[in-house]
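Reader: I have a model open and want to learn how to read its packing. Please take me through it.

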Amino acid sequence: MKFFQKEIRLKAYKRGFHLVTEEILYAFPELKKIRVGMCQIFIKHTSASLTVNENADPTVRTDFESHMNVMVPENAPYYIHTYEGPDDMPAHIKASLMGASVQIPISNGRLNLGIWQGVYLCEHRDHASGRNLVLTAFGE
């Protein structure tokens, strides 16, 4: 069994949902060395998250952002953790709802995503810096 692990830093993205599949593939050519296996992608932040979803129509990403902002509004009167601005506590809640990692099968050296699937960085802060991802691939 082979194991590969790498930490990468994504560029800073504005608030919203962004396809980062190609950035991950470019940074992690070791995937090509695995015939059958798994790839885990973990984000090392508490105010951004990852998910897998639609990679073709950008309105899906816009709708995700709109819905999350309705579901988890800013300035809720019961928030106590507000030291870093009105987007901070909602960002933590959204990150927990969406999740800190995704796991994707590897088949013949490629991520085995569906034809309409891509990896999203879900940026929940108004003014975030780049985000760190840990990429781990293992298999035969």
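Reader: At what angle do the axes of helix 2 and helix 3 cross?

Author: Two packed helices are described by the angle between their axes and the distance between the axes. Here helix 2 (residues 58–71) and helix 3 (residues 88–98) cross at roughly 115°, and their axes come within 10 Å. Axes are lines fitted to C-alpha atoms, for helices over the stretch in contact, with angles from 0 to 180 degrees between N-to-C directions. Helices (H or I, at least four residues) and strands (E, at least two) are DSSP runs, numbered from the N terminus. This is a predicted model: local features need pLDDT of at least 70, side-chain atom pairs count only at pLDDT 80 or more, and totals for chains, interfaces and linings use all residues. Residues are numbered from 1 along each chain as its sequence is written, and side-chain values use heavy atoms, without hydrogens and water.

Reader: Which residues of helix 2 and helix 3 make the contact?

Author: Helix 2 gives Phe 64, Met 68, Asn 69 and Met 71; helix 3 gives Lys 94, Leu 97 and Met 98. Contact means heavy atoms within 4.5 Å.

Reader: What is the strand order in the open sheet?

Author: Its five strands run 1-8-3-5-6, with antiparallel pairing. Two strands pair if DSSP finds at least two bridges between them. Strand 1 (2–9) and strand 6 (110–111) are at the edges, each with a single partner strand, so one side of each lacks a neighbour in the sheet. Strand 3 (residues 36–43) and strand 5 (residues 101–107) pair over seven bridges. Gln 40 stands opposite Gln 103 in strand 5.
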